[in-house]
Amino acid sequence: MWRVSVDPFRVLFLLAMALLISSCAGGPSYVAQKAPWRDTSERACLASGNVQQTAFLTPVARLGGPGVCGALKPFEMSAAEYGRVRLRPAAILRCPMVTSVDDWVRNSITPESVHYLGSPVVELKVIASYSCRTRNSIRGAKLSEHGMANALDVSAFLLADGRKITVKRGWRGNSSEQAFLRAVRAGACKRFATVLSPDADRFHHDHFHVDLARHNSKGTYRVCR
Ligand SMILES: [Zn+2]
């Protein structure tokens with residue numbers, strides 16, 4: 001017969017450690033604080049009347065993800081430029097992003113595609129919009145602007161003549177594809193606070209990330225890479 005001596009304090013200690021470890025592993029990893037500017041800028045945008053419900057822009061239920069995720073009145077945007085340019089799949093965005101994306105499509109993407117490629121863009125391939133996650137999905141990293149419906153990832157542009165310009169291949173593609181994608185990035189940098197292209201890092205080798213984050217207290221600092 002085996003005789004096992006058990007130290008009750010040691011058992012308690014081990015139990016406490018196991019609890020601590022399991023709560024770290026399963027607990028929320030979102031630590032970003034809800035900054036007041038988010039609600040202020042969203043309310044100002046909604047009050048401006050510039051963003052109205054259309055067949056291409058419909059309000060969705062408050063997102064209210066874990067922790068600070070979500071927006072006051074998020075929209076599902078299935079097209080820009082009065083319905084002429086599709087967003088596929090439709091993007092979930094907060095009000096200020098809706099106006100900036102529409103402006104980007106109308107006054108940058110459309111004219112640049114006609115200028116450099118001889119055909120207007122009719123569809124943006126969306127690979128991410130609202131998603132309650134950390135930056136680049138890295139555990140413990142800062143909460144991504146995607147978690148606030150304040151960011152959009154675009155991986156390709158479909159033209160009216162049927163061509164498809166992907167960020168992945170076009171970035172090193174022929175000269176007109178390269179010029180188009182760089183002009184579109186420059187257009188994004190005028191309208192968004194953060195623009196990340198394949199020049200930024202390995203996470204963005206195949207898409208453009210655009211968002212309306214605030215990098216300093218006045219919101220004047222921009223990231224364009
Ligand atoms: Zn992104």
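The buried residues of helix 5 are Glu177, Phe180, Leu181, Val184, Arg185 and Ala188; a residue counts as buried if 20 or more other C-beta atoms, placed from the backbone, lie within 10 Å of its own. These residues lie on the same side of helix 5, because they cover an arc of only 135 degrees around the axis, the arc being that of the directions from the helix axis to the C-beta atoms. In general, an α-helix has 3.6 residues a turn, so residues three or four places apart point the same way.

The model is predicted: local features need pLDDT of at least 70 and side-chain atom pairs count only at pLDDT 80 or more, whereas totals for chains, interfaces and linings use all residues. Residues are numbered from 1 along each chain as its sequence is written. Helices (H or I, at least four residues) and strands (E, at least two) are DSSP runs, numbered from the N terminus.

Helix 5 comprises residues 175–191, 17 residues in total, and reaches 25 Å from its first C-alpha to its last. This value is close to the 24 Å expected at 1.5 Å a residue, where the expected span is 1.5 Å times one less than the number of residues. Its buried residues pack against helix 3, strand 6 (164–166), helix 4 (167–170), strand 7 (194–196) and strand 8 (208–211); contact requires C-beta atoms, placed from the backbone, within 7 Å.

The strands may now be followed along the chain. Two strands pair if DSSP finds at least two bridges between them. Strand 2 (residues 75–80) and strand 3 (residues 85–93) run antiparallel and are joined by five bridges; Ala80 has Val85 as its bridge partner in strand 3. The two form a hairpin with four residues between them, and in the turn Glu81 has a positive phi of about 50 degrees.

Strand 3 is also joined, by three bridges, to strand 4 (residues 121–128), and these two run parallel. Here Arg88 stands opposite Lys125 in strand 4. Between these strands the chain passes through helix 3 (residues 95–117), and this β-α-β crossover is left-handed.

Strand 5 (residues 151–159) is largely enclosed by the rest of the structure, because seven of its nine residues are buried. Strand 5 pairs in the antiparallel sense with strand 4 over six bridges and with strand 8 over four bridges. Ala128 stands opposite Asp153 in strand 5, and Ala151 stands opposite Asp211 in strand 8. Strand 5 also forms a hairpin with strand 6, with four residues between them, and Gly162 in that turn has a positive phi of about 100 degrees.

Technical notes: A crossover is right-handed if, with the strands pointing away from the viewer, the path from the first strand over the helix to the second runs clockwise. A residue is buried if 20 or more other C-beta atoms lie within 10 Å of its own, exposed if 12 or fewer, and partly exposed in between; C-beta atoms are placed from the backbone. Two residues are in contact if their C-beta atoms, placed from the backbone, lie within 7 Å.
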